[in-house]
Amino acid sequence: MDWYRLCSHREAIEEETKYLTWDPHATPKATLDFVTDCEEAWEDDSRGTYVVRPKSGEDGAGEFAGNTGLTIDWEKQTGTLGIWLRKRFWGRGYSGERAAALVELAFDRLDLELVSVTHEAGNEKSRRAIEKYVERFGGQHDILIRNAGTRPDGTTYDSHRYSITREQW
C-alpha cells in the first residue's frame, strides 16, 4: 500500500481532512513521520492505531478504507476515539462498528473508566455518526469546547465532546 499516495494531494483528500488535525502529507517524509509516530505511540502504550478495511464481499473488500485509533490517558483512565476514512467509504457504518470494537477494548481489556470522542462544530456527518453510537452505548453529549484545538494553519476550532463511562456501557 502506498500510504503517501493515500494521505497526500489526491482527489477528495481536502474534503476528507477538512475536520481533521492534520493536513494532507506534502512529502513522503511526512507520511514516514506519521507511521513512525504511530509505532512509537503503540510501543509506549499511549495509542493504538488500526487500519480500517471493508469485509469480504463488500465493495472495496481488502482495500485501505482509513484508519482509527484509541489514544489513552492512563492517569485519567480515559480513552479517546479517532477515525479518518477515505470519502469512498463514508456512510457505510464503519464509524459505529469501530467504536463498538474500541469501546469494548477500552473497558474489557484496558480497564479504562471513560471513553470520549469529539467532533468539530459544523461537522454534521461526524455528529450524526457519533450520536448514534454514543446513544447506543448509554453515553451522552458533554459540552461544546470553545477553541478546542488548532489546525496546522494556526486557526482554532470548537469541538463537541461526548463520553461513555464504564457504568453506562
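In this predicted model, D59, E63, R86, R88 and R92 are linked in a network of salt bridges. Side chains of opposite charge can pair when their charged atoms come close.

## Salt bridges

| Pair | N to O distance |
|---|---|
| E15 and K87 | 2.8 Å |
| D33 and K29 | 2.8 Å |
| R166 and D111 | 2.6 Å |

The side chains of E15 and K87 meet in a salt bridge. E15 belongs to helix α2 (residues 13-16), whereas K87 sits in the loop between β3 and α4, so this pair ties together parts that are 72 residues apart in sequence. E15 is partly exposed, its relative accessible area being 38%. K87 is likewise partly exposed, with a value of 36%.

A salt bridge also joins the side chains of D33 and K29. Both residues lie in helix α3 (residues 28-43); because they are 4 residues apart there, about one helical turn separates them. D33 has a relative accessible area of 39% and is therefore partly exposed.

In the pair formed by R166 and D111, the closest N and O atoms are 2.6 Å apart. R166 counts as partly exposed at 24% relative accessibility, and D111 is partly exposed with a relative accessible area of 47%.

## Helix α5

Helix α5 comprises 13 residues (residues 124-136), which at 1.5 Å a residue should span 18 Å; the C-alpha atoms at its ends are 18 Å apart, in agreement with that expectation.

Which residues of α5 are buried? They are I130, Y133 and V134. These residues cover an arc of only 100° around the axis, which means that they are on the same side of α5. The buried residues of α5 pack against several elements: the strands β3 (78-85), β4 (114-120), β5 (140-150) and β6 (156-165), together with α4 (94-109). On the face of α5 turned away from the buried side are the exposed residues K132, E135 and R136.

After α5 comes G138, and the phi of G138 is positive, near 85°.

## Residues other than glycine with positive phi

Most residues other than glycine have a negative phi. A12 is not a glycine, yet its phi is positive, at about 80°. A12 is located in the loop between α1 (3-7) and α2. With 26% relative accessibility, A12 counts as partly exposed.

N147 is a residue other than glycine with a positive phi, near 50°. Where is N147 found? N147 is in strand β5, an element against which the buried residues of α5 pack. Is N147 buried or exposed? At 53% relative accessibility, N147 counts as exposed, because exposed means over 50%.

Methods. Residues numbered from 1 in each chain as written. Predicted model: local features only at pLDDT ≥ 70, side-chain atom pairs only at ≥ 80, totals over all residues. Heavy atoms only, no water. Helix = DSSP H or I, 4+ residues; strand = E, 2+ residues; numbered from the N terminus. Expected span 1.5 Å × (residues − 1). Buried < 20%, exposed > 50% of the residue type's maximum accessible area, 1.4 Å probe, protein only. Arc of directions from axis to C-beta. Contact = heavy atoms within 4.5 Å. Salt bridge = Lys/Arg side-chain N within 4 Å of Asp/Glu carboxyl O.
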